[in-house]
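Reader: I am new to reading protein models. Could you take me through one by question and answer?

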Amino acid sequence: MSQSMVEPSALAGRRRRARDRGRAPFVLLFLLPAFLFLAVFLYYPIEETFRIAMTKSTGMGSEAYVGFDNYAKLFVNEEFLAGLWHVFGWAFWSVLIQLPLAFLVAFSLTFYANKLTGPLRSIFYLSNVLPSAITAMLGRFIFAPKFGVISSLATGLGWKWLGSVDFLGNKDLAFWSVFTIATWAYTGFPIIYLMARIEQIPAELREAAELDGATGWRYAWHIVLPDLNYPLRILAVLCTVGSLKLFDLPYIMLTGGPGNATVTLGITLYRHGFINWNYGKAAAVGVVIFLLSLGFTVAQFSLGQSREGEKA
Amino acid sequence: MSQLRIRHGAAEVLATVLLVALAILVILPLLMPLMFVFKTQLEFSYHPWAWPKQIRWTNFAEAWKAVKIDQGLLNTAIVSLGAIAATLPPSALAGYIFAKYRSRATELAFYAIMVGYFVPSLMVLIPLYKMEVATRLNDTLYGLFLPMAAFGIPFWTLIYRSFFQTLPADLAEAARIDGAGHAGTFFRIMLPLAKPATILALLLVFIGAWSDYLLSLILLSSQEHFTMQLRVASFLNAYGTDRMPKYASAAVISAAPTILLYILGHKWIIRGTLAGAIKE
């Protein structure tokens with residue numbers, strides 16, 4: 001018995017030694033390319049962002065240490081505050097409008113699963129893969145005055161009140177025009193994500209609900225929705241972090257205008273850094289974006305842990 | 001089951017009709033430009049919504065010249081292929097180590113790479129730009145796809161890692177006993193088995209690089225290096241929607257590769273997107 005105990009462990013030891021030969025250099029060699037990329041394009045720039053944010057720095061190359069001056073100035077800067085306000089408004093309305101819409105579509109698609117489900121899912125996701133320049137172009141075209149889709153159709157129908165609305169030039173409407181296009185472009189992701197989650201709900205639950213005479217809506221409300229608690233919270237965090245990084249659509253459609261009506265944090269950073277060539281301020285905006293998204297990501301992870309806790 | 005079906009009858013029909021209507025609404029904006037690309041500017045001004053009377057290709061030809069679409073497509077293709085070539089190998093190598101050579105040191109390295117996953121690329125734009133100007137990397141196509149790859153590597157390392165984790169350890173063990181070295185095992189046995197992950201990465205990195213706007217806007221400055229997306233956006237800003245027929249033609253050409261790729265690979269693209277999202 002002792003012999004049979006010794007033999008395999010000795011064999012395993014020999015095997016492990018064979019496996020370990022050249023292990024360390026191999027591991028280093030395989031990790032090297034990834035770390036080279038990150039060191040040059042991420043670690044170094046991250047450190048630089050924090051440093052530049054503490055300096056008065058222009059495109060001409062002069063740099064002077066100013067402490068937290070840039071941050072202090074940001075919080076009295078009208079454009080930055082507008083960006084901050086829009087980003088949070090954007091996140092709020094995405095969660096309130098896009099997620100319920102996505103849930104309705106995802107639930108109906110999975111509940112009434114038939115031959116159309118697959119193709120419909122692919123169609124709903126299609127607009128998510130379009131380049132944002134194309135999405136912005138379509139948005140401009142839908143809302144443009146005179147030749148725009150809404151204007152020309154309304155004029156054709158004789159609805160003067162609608163035909164003369166300036167969706168892009170009006171400060172109160174511009175945000176909503178961009179938001180509408182974003183809803184068209186980005187709701188596909190929560191739809192496919194929720195569908196994947198709903199499909200994981202055991203079929204027995206649904207059969208039991210149907211035997212109890214529960215209607216589709218009651219099944220959705222009492223069984224499916226509670227089960228989606230965690231994925232919905234994840235999506236809410238993704239919406240928020242996505243809003244913090246928002247740049248392409250409002251910039252290509254309206255360059256943040258009219259005035260500051262569609263400015264986001266990303267656009268503020270771009271304007272400070274690459275239009276006014278004020279690197280210090282732009283880097284400070286970058287740090288703010290980083291800290292906010294870090295905050296939300298940590299929130300996401302602690303949500304994940306509380307979920308593990310619930311299960312245990 | 002069939003009984004249940006019948007009971008749903010009316011509701012199912014209604015829901016399906018609503019969903020199909022919504023799908024048409026989603027797809028309609030994409031079809032709209034096709035109404036304009038065959039019209040002259042004059043026809044468009046008078047009857048923007050009338051059915052085109054005749055199929056003309058002149059708008060495409062003119063847009064091709066005005067926007068220099070060939071140059072744009074070539075630049076975008078170089079950037080996309082470059083991004084693939086620079087993203088996939090480092091990610092696959094690192095993902096393999098994190099899956100199959102786990103130790104305290106590699107765990108630490110893994111967290112160091114994941115830092116990149118949580119840092120928004122917006123944050124590092126200023127130093128990135130300064131660095132590229134200092135090293136004259138700015139306004140070159142490789143100066144664009146290299147940082148693009150760097151921003152993608154953390155995510156794809158994560159995907160490769162979880163894919164390699166699903167491959168049984170016995171396989172590598174057997175190869176090792178047959179005398180294959182560490183690298184031999186990876187290149188001859190493990191990497192070919194990771195083909196699904198590689199296909200996902202190929203598709204999604206390509207689409208991401210093809211669609212990029214912000215990095216290109218900041219890093220490229222001369223017209224001849226402009227990618228398709230920059231050209232479409234600057235055309236929009238120069239002419240607004242007034243030159244719609246020409247503009248729509250440029251947009252159709254610029255969107256076509258993504259849409260074609262989606263039609264061919266939508267199942268893979270959706271699967272890959274979900275695989276990434278559920279990992280988070």
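Predicted model: local features only at pLDDT ≥ 70, side-chain atom pairs only at ≥ 80, totals over all residues.

Author: Residues are numbered from 1 along each chain as its sequence is written, while chains are lettered from A and ligands numbered from 1 in the order in which they are written.

Reader: What is the mean pLDDT of chain B?

Author: pLDDT is the predictor's confidence in each residue, from 0 to 100. In chain B, 95% of the residues reach 70 or more. The mean pLDDT of chain B is 86.

Reader: Over which residues of chain B does pLDDT stay under 50?

Author: Two residues are in contact if their C-beta atoms, placed from the backbone, lie within 7 Å. For the stretch you ask about, the model has 1 contact beyond four places in sequence. The stretch is residues 1–6 of chain B.

Reader: How many helices are there in chain A?

Author: Helices (H or I, at least four residues) and strands (E, at least two) are DSSP runs, numbered from the N terminus. Chain A has 2 strands. Its helices number 16.

Reader: Which residues of H9(B) are buried?

Author: A residue is buried if 20 or more other C-beta atoms lie within 10 Å of its own, exposed if 12 or fewer, and partly exposed in between; C-beta atoms are placed from the backbone. Helix H9 of chain B covers residues 182–193. Its buried residues are B:His182, B:Thr185 and B:Phe186.

Reader: Why do the buried residues of H9(B) line one face of the helix?

Author: The arc is that of the directions from the helix axis to the C-beta atoms. On the other side of H9(B), B:Phe187, B:Arg188 and B:Pro192 are exposed. The buried residues line one face because, seen down the axis of H9(B), they fall within an arc of 95 degrees.

Reader: What do the buried residues of H9(B) pack against?

Author: One partner is in the other chain: helix H2 (23–53) of chain A. In chain B, the partners are helix H4 (69–100) and helix H8 (169–177).

Reader: Is A:Trp277 buried or exposed?

Author: A:Trp277 lies in the loop between helix H15 (265–275) and helix H16 (279–311) of chain A. Its phi is near 55 degrees, a positive value in a residue other than glycine. Most residues other than glycine have a negative phi. With 12 other C-beta atoms within 10 Å, A:Trp277 is exposed.

Reader: What is the phi of B:Lys68?

Author: B:Lys68 is found in the loop between helix H3 (58–66) and H4 of chain B. B:Lys68 is partly exposed, with 16 other C-beta atoms within 10 Å. Its phi is a positive value, near 50 degrees.

Conventions
Expected span 1.5 Å × (residues − 1).
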